[in-house]
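I opened the model to look up a few places in the fold. My notes follow, entry by entry.

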Amino acid sequence: MLFRSLVDPWYFYSRECTSFVAWRLNNDNKIPFTNNWAGAHFGNAYQWAAAAKQLGFAVNGRPSVGSVAWWNARSAGSWTGHVAWVARVYSDHSILIEEYNYVSPGNYSQRHLYPSSSLWPTDFLHLGDLKMSNTAAPSIPGTPTVGATLTASPGTWKPAGSVTFTYAWYANGTLISGAKAQKYTPTPDTLGKTLTVKVTASMGGTQSKTVTSPASAAVVAGTLVASGTPVVVGTAQVGVPLVANSSWKQSATLAYQWSSNGVPIPAATDQTYVPQPQDLGATISVAVTATATGYKIAKTSMTSAAKVAPGVFKQTKVPVISGTPTVGTPLGASTGTWSPSQANTYAYQWYTGSTPIAGATASAYTPTPSMLTKTLSVRVTASSGGYTSMTKASTVTKAVVPGVFTA
């Protein structure tokens with residue numbers, strides 16, 4: 001049915017299929033299409049394919065957004081010929097069309113058509129297919145910072161729908177290798193550089209378009225972030241190692257400075273520190289400085305849980321008495337083996353049974369006649385600054401035997 005009332009601005013009759021498509025071509029495809037465009041007469045719908053070919057436009061069986069779906073006269077889709085505007089092309093190659101004067105006379109309608117349908121268009125006329133149009137440029141929100149993830153805003157585009165975006169990031173105009181996602185985390189080599197992102201928008205059947213965002217501010221240094229709580233591991237005790245346990249989310253170089261009661265300890269710049277006798281009763285702390293290219297210097301500090309306690313000796317060999325226990329013949333005593341061994345002093349006390357021998361406090365002892373038939377032992381006490389003194393006893397000797405006169 002034809003509604004020939006008013007002639008539209010493009011010289012077609014209003015509310016006809018041809019009038020609606022002419023409006024779409026002007027409004028959406030942005031071409032100055034009319035009934036007598038560029039000297040070709042389009043006339044009735046069935047004549048449009050010949051007019052398009054006359055102007056050199058592609059006429060084929062491949063739909064695209066913004067193309068004209070065309071039915072020849074006496075086709076299964078239209079006895080008199082028909083045109084519609086392709087609004088969507090889906091992944092299964094089906095299409096959504098917009099049209100006038102088909103489903104109901106003189107009215108607008110939409111149809112979803114599949115290539116297998118008998119109502120599938122005869123051909124598609126590509127009269128300046130619809131191109132993606134950017135209405136608000138892409139942007140990079142936030143302050144670009146080394147190590148902090150940025151998320152590009154793709155901007156806004158027409159036509160609206162299932163638009164697919166691809167991204168490419170640039171630093172000072174140079175493409176950043178591998179930076180092809182919407183999110184990008186500035187690396188140390190971008191410090192001081194401005195960033196831009198190119199966004200390419202495409203939608204099934206449309207011509208894609210690429211737009212570059214305005215340049216961001218220069219990338220600033222990042223902030224190193226500690227991973228977990230820094231802590232001094234170990235027992236605060238003379239001679240026992242303390243370890244500064246400090247980890248960071250970024251790869252950083254760490255420097256250490258240990259202090260005793262807040263006073264820096266000279267040369268104590270390793271991750272581990274062994275408290276010395278002069279640290280007895282002090283609180284041990286350590287300052288950790290983290291540095292990494294592209295990041296601001298970060299510092300943290302930690303303190304031992306308790307004040308430094310006295311050290312404890314360890315003994316690996318007990319004292320040993322050398323010689324045969326004989327009246328009048330000197331016996332010697334070794335100290336045994338102690339840890340630590342440096343700066344130690346040793347005290348001796350000889351015993352018979354469990355009774356200390358008066359005056360027998362040297363490393364050597366000569367049994368007297370009163371010791372005859374008795375067994376002997378020696379106890380060695382080790383002392384050192386910052387350590388708790390410790391006493392260890394030798395094994396017991398055999399019974400003292402009589403001495404031998406010499407001429």
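Entry 1: I started at Phe 313, which counts as buried because its relative accessibility is 2%; buried means under 20% relative accessible area, exposed over 50%, and partly exposed in between, with a 1.4 Å probe and protein chains only. I note that this is a predicted model, in which local features need pLDDT of at least 70 and side-chain atom pairs count only at pLDDT 80 or more, while totals for chains, interfaces and linings use all residues. Residues are numbered from 1 along each chain as its sequence is written, and side-chain values use heavy atoms, with hydrogens and water left out.

I then looked up Trp 338 and found this residue buried too, at 5% relative accessibility. I searched the whole structure for aromatic pairs and got 19. Rings of Phe, Tyr and Trp (its six-membered ring) pair if their centres lie within 6.5 Å; planes under 30 degrees apart count as stacked, over 60 as edge-to-face and the rest as tilted. Why is the pair of Phe 313 and Trp 338 edge-to-face? The planes of the two rings are at 80°, with the centres 5.9 Å apart, so the pair gets that label. Phe 313 lies in the loop between strand E24 (311-312) and strand E25 (314-317), and Trp 338 in strand E28 (residues 337-339), so the pair ties together parts that are 25 residues apart in sequence. Helices (H or I, at least four residues) and strands (E, at least two) are DSSP runs, numbered from the N terminus.

**Entry 2: other rings.** I found one aromatic cluster made of Phe 12, Phe 33, Trp 37, Phe 42, Trp 48 and Phe 57. I also checked for charges over rings, which requires NZ of Lys or CZ of Arg within 6 Å of the ring centre and within 35 degrees of the ring normal. The charged end of Arg 111 is over the ring of Tyr 102, 3.8 Å from its centre. For Arg 379, the ring is that of Tyr 351, and the distance to its centre is 4.0 Å.

**Entry 3: a sheet.** I followed Arg 379 to its bridge partner in E34, Ala 393. Strand E32 (residues 376-383) and E34 run antiparallel and are joined by four bridges; two strands pair if DSSP finds at least two bridges between them. The open sheet has four strands in the order E30-E29-E32-E34, with antiparallel pairing. Strand E30 (355-356) and strand E34 (390-393) are at the edges with a single partner strand each, so one side of each has no neighbour in the sheet.

**Entry 4: Asn 35.** I located Asn 35 in the loop between helix H1 (17-27) and helix H2 (48-54). Is Asn 35 buried or exposed? Asn 35 is buried, because its relative accessible area is 9%. Its side chain reaches the backbone nitrogen of Gly 43 at 2.7 Å. Beyond its neighbours within four places in sequence, Asn 35 has contacts (heavy atoms within 4.5 Å) that include Trp 10, Tyr 11 and Phe 12.

**Entry 5: H1.** How many of the 11 residues of H1 are buried? I counted eight, and the helix is mostly covered. Among them are Cys 17, Phe 20, Val 21 and Leu 25. The cover over the buried residues includes H2, strand E2 (68-71) and strand E3 (82-89).

Technical notes:
Polar contact = N/O pair within 3.5 Å; in protein donor to acceptor, adjacent residues only side chain to side chain.
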